[in-house]
Amino acid sequence: MHTLTADEAAHALGTALRHTHTQLCRQIDALAAQPEASFAAGWTDLVAGTETAFRDEERVMEEVRYAGLAEHRAENACILSALHHVSPRVDDGDHGIGREVLSALAAIISSHRCGVRIRPLAAVQLRAYQPPLCG
């Protein structure tokens, strides 16, 4: 088994984070542009895409032995918790709350992907949509 050098690990991690950021930003932008009639279906796709993207980036973080993995996983879990908490309301036709969370998610993904802790304002906005167990 080949052990990655620090530079190789940093490159692999940077590539994974850029890919996740790009993928999620595209999904967020596409969903934001969706008409009300197709918003709920797009929301379901976004949640599934977010889960997959986070799983993939966490796998890379494990492989490169990223020191901040536990904190990053906790932030991912908070984001997913909020998305899952809001999902039944979006499914019931409350697309307004879905669009609010989508806006907060865009801000969070932007700072989260840069290796920065979740921006305080965006985190507060997103926590409003998740159970109080997180964060």
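Modeller: In this text, helices (H or I, at least four residues) and strands (E, at least two) are DSSP runs, numbered from the N terminus. This is a predicted model, where local features need pLDDT of at least 70 and side-chain atom pairs count only at pLDDT 80 or more, while totals for chains, interfaces and linings use all residues. Residues are numbered from 1 along each chain as its sequence is written, and side-chain values use heavy atoms, leaving out hydrogens and water.

Biologist: OK, how many helices and how many strands does the protein chain have?

Modeller: Going from the N terminus on, the elements run α-α-α-α-α. The tally for the protein chain is five helices and zero strands.

Biologist: And what percentage of the residues is buried?

Modeller: Buried means under 20% relative accessible area, exposed means over 50%, and partly exposed is in between (1.4 Å probe, protein chains only). There are 135 residues in the protein chain, and the buried share comes to 42%.

Biologist: What is the reach of α1 from its first C-alpha to its last?

Modeller: The expected span is 1.5 Å times one less than the number of residues. With 27 residues, α1 would be expected to span 39 Å, and its reach is close to that, at 38 Å.

Biologist: Are α1 and α2 roughly parallel or antiparallel to each other?

Modeller: α1 covers residues 6-32 and α2 covers residues 36-63; they pack at an angle of about 175°, with their axes 10 Å apart. Axes are lines fitted to C-alpha atoms, for helices over the stretch in contact, and angles run from 0 to 180 degrees between N-to-C directions. Under 35 degrees counts as roughly parallel, over 145 as roughly antiparallel, 65 to 115 as roughly perpendicular and the rest as oblique. So α1 and α2 are roughly antiparallel.

Biologist: How many nonpolar residues does the contact of α1 with α2 have?

Modeller: Contact means heavy atoms within 4.5 Å, and residues making this one include Leu 13, Leu 17 and Leu 24 of α1 and Phe 39, Trp 43 and Phe 54 of α2. Ala, Val, Leu, Ile, Met, Phe, Trp, Tyr, Cys and Pro count as nonpolar, Asp, Glu, Lys and Arg as charged, and the others, Gly among them, as polar. Besides six polar and two charged residues, the nonpolar count is 14.

Biologist: How many charged residues are in the contact of α2 with α3?

Modeller: The axes of α2 and α3 come within 10 Å and cross at roughly 170°, which makes this pair roughly antiparallel too. Among the residues in contact are Glu 51, Glu 57 and Glu 58 of α2 and Arg 73 and Asp 91 of α3. Alongside 12 nonpolar and six polar residues, the charged ones number six.

Biologist: Is Thr 50 buried or exposed?

Modeller: Thr 50 sits in α2 and touches Leu 24, Gln 27, Leu 80 and Leu 83, not counting residues up to four places away in sequence. Because its relative accessible area is 0%, Thr 50 is buried.

Biologist: Where in α3 does the kink lie?

Modeller: The bend at a residue is the angle between axes fitted to the seven residues ending there and the seven starting there. In α3 the kink is about 25°, shortly before the proline Pro 88, and it lies at His 85.

Biologist: How far apart are the C-alpha atoms of Asp 94 and Phe 39?

Modeller: Asp 94 is in the loop between α3 and α4, and is partly exposed because its relative accessible area is 29%. Asp 94 and Phe 39 are 55 residues apart along the chain, and their C-alpha atoms are separated by 9.8 Å.
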